[in-house]
Amino acid sequence: MAKPLVLIVNGPNLNMLGKRQPEVYGHQTLADIETAAAAHAESLGLDMEFHQSNHEGDLVDWIQGARGRAAGIILNAGAYTHTSVALLDALNAAEVVCVEVHLSNIHQREEFRHHSFVSKAAKGMICGFGSHGYILALDALARLIKES
Ligand code: DQA
């Protein structure tokens, strides 16, 4: 039987992880996160696709493409979290359960990071745990998928 598919979608500047403000985002690269997430997804009996783009439309396309195909989405939309109605609309159109992830605790940071458009369509949000947040999100999704 095919395993449920989870999409992990990463937004702008997350390709710079490891180099980018390590005091905020940690020392792990996005490739390190992908490797750890792939191993964890496998252990949970999930298939995983991992994406990153600096372009909002690419994120919209991946989210739309999840409809009827993926069992869940883990989304770290980077700065588009705080600006993008298009991502919110895409999540609502996809009708796929979404867990929002941020490496940093966005509520301890600048005021403009406190609001998330993505949260309106997400089942829940994990923030402040660095790269481990992706592992926590996979655990949360695996349970939601099993229950559904
Ligand atoms: C981020 C938080 C956002 O505010 C920021 O724009 C990012 C990364 C995080 O993972 O902590 O690019 O989503």
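Asn76 is part of strand E3, which covers residues 72-76. The model is predicted. Is Asn76 buried or exposed? Its relative accessible area is 3%, and the cut-off for a buried residue is under 20%, so Asn76 counts as buried.

The side chain of Asn76 takes part in several polar contacts. A polar atom of this side chain is 2.8 Å from an oxygen atom of the ligand. The Asn76 side chain also reaches the backbone nitrogen of Gly78, at 3.1 Å, and has a polar contact of 3.3 Å with the side chain of Tyr134. Leaving aside residues up to four places away in sequence, Asn76 touches Val9, Asn10, Gly11, Leu14, Val101, His102, Leu103 and Tyr134.

## The ligand site

Which residues surround the ligand? The shell consists of Arg20, Tyr25, Asn76, Gly78, Ala79, His82, His102, Leu103, Ser104, Ile106 and Arg113. By class, these residues divide into 4 nonpolar, 5 polar and 2 charged. His102 and Leu103 belong to this shell and are also among the residues that Asn76 touches. Gly78, whose backbone nitrogen is reached by the Asn76 side chain, is likewise one of the residues around the ligand.

An N or O atom in the side chain of Ser104 is 2.6 Å from a ligand oxygen atom. For Ala79 the polar atom belongs to the backbone, and its distance to an oxygen atom of the ligand is 3.2 Å. How much of the ligand surface does the protein bury? The ligand taken alone exposes 330 Å², and the protein buries 99% of that area.

## The fold as a whole

The chain contains 5 helices and 5 strands. Their order along the sequence is β-α-α-β-α-β-α-β-β-α. Among contacts with a separation of 6 or more, 75% are between residues 24 or more positions apart.

The C-alpha trace spans about 45 × 30 × 25 Å along its principal axes. The radius of gyration is 14 Å; a compact globule of 148 residues would have a value near 15 Å, so the chain agrees with that expectation. Buried residues account for 45% of the 148 residues. The accessible surface of the chain comes to about 7400 Å², and carbon and sulfur atoms contribute 52% of it.

Most residues other than glycine have a negative phi. Asn13 has a positive phi of about 75° although it is not a glycine. This residue sits in the loop that runs between strand E1 (5-10) and helix H1 (22-25). With a relative accessibility of 36%, Asn13 counts as partly exposed.

Gln21 is found in the loop between E1 and H1 as well. The phi of Gln21 is also positive, at about 35°, and Gln21 is not a glycine. How accessible is Gln21? Its relative accessible area is 38%, so Gln21 is partly exposed, a class that lies between the cut-offs of 20% and 50%.

How values were computed: Residues numbered from 1 in each chain as written. Predicted model: local features only at pLDDT ≥ 70, side-chain atom pairs only at ≥ 80, totals over all residues. Heavy atoms only, no water. Near = heavy atom within 4 Å. Polar contact = N/O pair within 3.5 Å; in protein donor to acceptor, adjacent residues only side chain to side chain. Areas by Shrake-Rupley, 256 points an atom, 1.4 Å probe, with all protein chains shown as cover. Nonpolar A, V, L, I, M, F, W, Y, C, P; charged D, E, K, R; others polar. Helix = DSSP H or I, 4+ residues; strand = E, 2+ residues; numbered from the N terminus. Buried < 20%, exposed > 50% of the residue type's maximum accessible area, 1.4 Å probe, protein only. Contact = heavy atoms within 4.5 Å. Rg over C-alpha atoms; globule rule 2.2 N^0.38 Å.
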